[in-house]
Amino acid sequence: MKTLNNIKAVNEALDIAMEKWNEVIVFGEDVGYEGGVFRATEGLQKKYGEERCFDAPISESLFIGAAIGMAMNKLKPVVELQFLELGMASLQNILGHMGRVRNRSRGKYPAPIVVRTPMGGGIRALELHSGAIEAVFAHTPGIKVIIPSTPYDTKGLLLAAIESNDPVIILEPTKLYRAFKQEVPEGYYTVPIGEAAYIFEGNDLTIVTYGSQTVDCQKAVEEYESKNPNVTIELIDLRTIKPWDKKMIIESVKKTGRLLVVHEAVKSFSVSSEIIATVNEEAFGYLKAPPMRCTGYDIVIPLESGETYHQPTKEKILSKINQLIEYEF
Amino acid sequence: MQFIGKYDPLKNEKIQILDNQGNIINNNIEFDISDETLIEAYKIMNLSRKQDEFQNIVQRQGRLLSFLSSSGQEACEVAYAMSMEKGVDWLSPGYRNNAAWLASGIPVRNIMLYWTGNEFGGQSPEGINVLPPNIIIGSQYSQAAGLAFGEKYLNKKGVVLTTTGDGGMSEGEVYESMNFAQLHNLPVIFICENNKWAISTPYSKSTKSLNIAVKAIASGTPSLIVDGNDFLACYAVIQECLKFCREGNGPVFIEFDTYRLGAHSSSDNPDVYRPKDEFEKAKLDDPLTRMKNYLVEKGIWSKKKQEALDSEQFEFLKTEFEWAEKNKDYPVSDVFDYIYDQKPDFLVEQLAEAKTFYPDNENKFGGDK
């Protein structure tokens, strides 16, 4: 066991993957010599050479297009977009090509690419550094979308993504890169893509969340339960956004009868919309209250002075928990 | 090297061997091509032209969805695609590459199947490295750069060819790709078939650049301008460029100066926007006429042979289209089968639901089953 934070977990997963598969090629802006602006790729160029880990010119569209070509030619490219929203130029190739290559070629050319990028707010950043647009990717057929929150999951899911035969986008919550450490097994292991995890088990309310909000949700649940000893809350970390773990969430909602979905992305047309719609379709008869959500507002993410207005907070989550527990039809 | 570094795009120098009557005007260029290869190339050029004509007819009859005609561009397309080594080199095409697909070995029936709306037609057969048509232009350049990275990294011998039009050259990704390929010294031939029209936008409204080839210079990529309607010039240049790439000299860019004789697509009418006199003048440079005249003059082609070829190819196209038409439908599972390596549960559920609405198609062609 090793004690790692999230960014070290990324680094270790990449190191193991490059050791294991000669086909793994890691590239993006500043990822080579410097090891990335967050140091996710630190030491990899030194260890594996400039051909396998290199700085690329700022041309995000090319990154993904070239990765598609590499993948069709039997390589395993792992691309870093420096910040999710600064990589918008890559969307044409992510949405227009990456997820369609397999279908377009009827399976002849799969495109097993991993795109990693920091995402999300709470980091006091400039404009276009704090976005959470996971729904854009989840909305696109052919792509898998992962948002890990712990070092254990970050390492295991990244290795699973590199192993996968499909294109995978891993959105890494910037706020959590160095927020805490966790014991992580050494060597190779994977966390299955598509499986959620229980943070807490409980009987009276299901909270589904992911990414940076797992931390706020844990605090909210602990606080609520300490004040309301008769109530237990089931907190689930989704981990994979697409395909999401419908089975676990439906089972949980059937048990608790109440659902809250928490994420920092904007409210409308979001991951919470999808989860709540599905719960309504498949577990409506079990509900003791209407499913609710605690999300970012449908606004352009404010700069630092206004940032907290946008984000779900422990207080906002507690308010929703209260509404759900006390709801009467 | 006869061309690279010798013909200067900054001086607008263009490589040409045949004039528009099919007479040799440049005896200084040396290259090796047999009569058999010339005839084979001409037959593919003719087949592609006939296929365009045929498909226009069946499209008007409502039997074909839509397609993008290569008429006018057959010389360069056949020259570069027939020069590729099958199973070794790659073609990362755009959508207007009918003659290139034929010359690279894609069966006519597959191309027709694609234009009748069956994606299986876009899958190149075993042993032929051709990507499916790229509908968003520009991206084929970056995919080509990635493929070429793989060739170099895996110590393979292939050269990657990719092609777009003068319209596609306005996409930023085109420059990004050449820059990347040059940085990594990759074996890729970037091609622009400058056919002077991007749907209804003329060349003059796409760029103020001296020519297209100079656009490669900024990335450090050597570039050439070739008369794209002159098969001999195209063939000679592509041989040299393939050799240049195979020898590890990095990428090269070729502008084939040509003209789109047909519409942008079968849904579009160029008479609305294209000056009539420009079109009439362009027809005088038709690559097929030029090649035919050259072959007749050389004594290896005749009017009689042409008539026989036309009728043989027409019958062949008819048969192939009948096959494509019969096999264009597929079972509902096919639209779910290739989205992911293994179907996630949500697709399994959606497929099950779809099957209750579309239960009768299971015995249809649906690709390679």
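In this predicted model, the second largest cavity is lined by residues of both chains. Chain A contributes Met72(A), Val101(A), Arg104(A) and Ser105(A). Chain B contributes Ser92(B), Pro93(B), Leu131(B), Pro132(B), Asn134(B), Gln140(B) and Gln143(B). Two elements give two or more residues to this lining: α5 (101-104) of chain A and α5 (139-153) of chain B. The volume of the second largest cavity is about 80 Å³. Its lining divides into five nonpolar, five polar and one charged residue.

A search of the whole structure returned six cavities of 30 Å³ or more. The lining of the largest cavity has eight nonpolar and five polar residues, and no charged ones.

Pockets were examined next. The largest pocket has a volume of about 1,100 Å³. Its lining comprises 35 residues. Nearest the centre lie Lys242(A), Pro243(A) and Trp244(A) from chain A, with Pro344(B) and Phe346(B) from chain B. Several elements each supply at least two lining residues. In chain A these are α6 (134-138), β12 (240-242), α9 (246-256) and α10 (271-283). In chain B the element is α13 (345-357). Helix α10(A) gives the most, with eight residues. By class, the lining of the largest pocket has 12 nonpolar, nine polar and 14 charged residues.

The second largest pocket holds about 370 Å³ of space. Its lining consists of 17 residues. Lys196(B), Asp257(B), Thr258(B), Tyr259(B) and Asp285(B) lie nearest its centre. Helices α7 (203-206) and α9 (276-283) of chain B each supply at least two residues of the lining. The largest share, three residues, comes from α9(B). This lining divides into five nonpolar, four polar and eight charged residues.

Helix packing was examined in chain A. Helix α3 (residues 60-72) of chain A packs against helix α4 (residues 91-98) of chain A at an angle of about 30°. The two axes are 7 Å apart. Because angles under 35 degrees count as roughly parallel, α3(A) is roughly parallel to α4(A). On the α3(A) side, the contact is made by Ser61(A), Ile64(A), Gly65(A) and Ile68(A). On the α4(A) side, it is made by Asn93(A), Ile94(A), His97(A) and Met98(A). The contact of α3(A) with α4(A) has four nonpolar and four polar residues, with no charged residue.

Chain A also contains an open sheet of five strands with mixed pairing. The strand order is β9-β11-β10-β13-β14. Strands β9 (197-200) and β14 (292-296) of chain A form the edges, each pairing on one side only. Neighbouring strands are turned by 25° against each other on average, direction ignored. Strand β13 (residues 259-266) of chain A runs parallel to β14(A), and five bridges join the two. Within this pair, Val261(A) has Arg293(A) in β14(A) as its bridge partner. Helix α8 (residues 213-227) of chain A lies across β9, β10 (205-209), β11 (233-237) and β13 of chain A. Helix α8(A) runs at about 170° to β11(A).

Terms used. Residues numbered from 1 in each chain as written. Chains lettered and ligands numbered in written order. Predicted model: local features only at pLDDT ≥ 70, side-chain atom pairs only at ≥ 80, totals over all residues. Heavy atoms only, no water. 1 Å grid on protein atoms, 1.4 Å probe; cavity = no way out; pocket = protein on both sides within 12 Å on 5 of 7 lines; lining within 4 Å. Points joined across faces, edges and corners; volume = space filled by probe spheres on them. Nonpolar A, V, L, I, M, F, W, Y, C, P; charged D, E, K, R; others polar. Helix = DSSP H or I, 4+ residues; strand = E, 2+ residues; numbered from the N terminus. Axes fitted to C-alpha atoms, helices over the stretch in contact; angles between N-to-C directions. Parallel < 35°, antiparallel > 145°, perpendicular 65-115°, else oblique. Contact = heavy atoms within 4.5 Å. Pairing = 2+ DSSP bridges.
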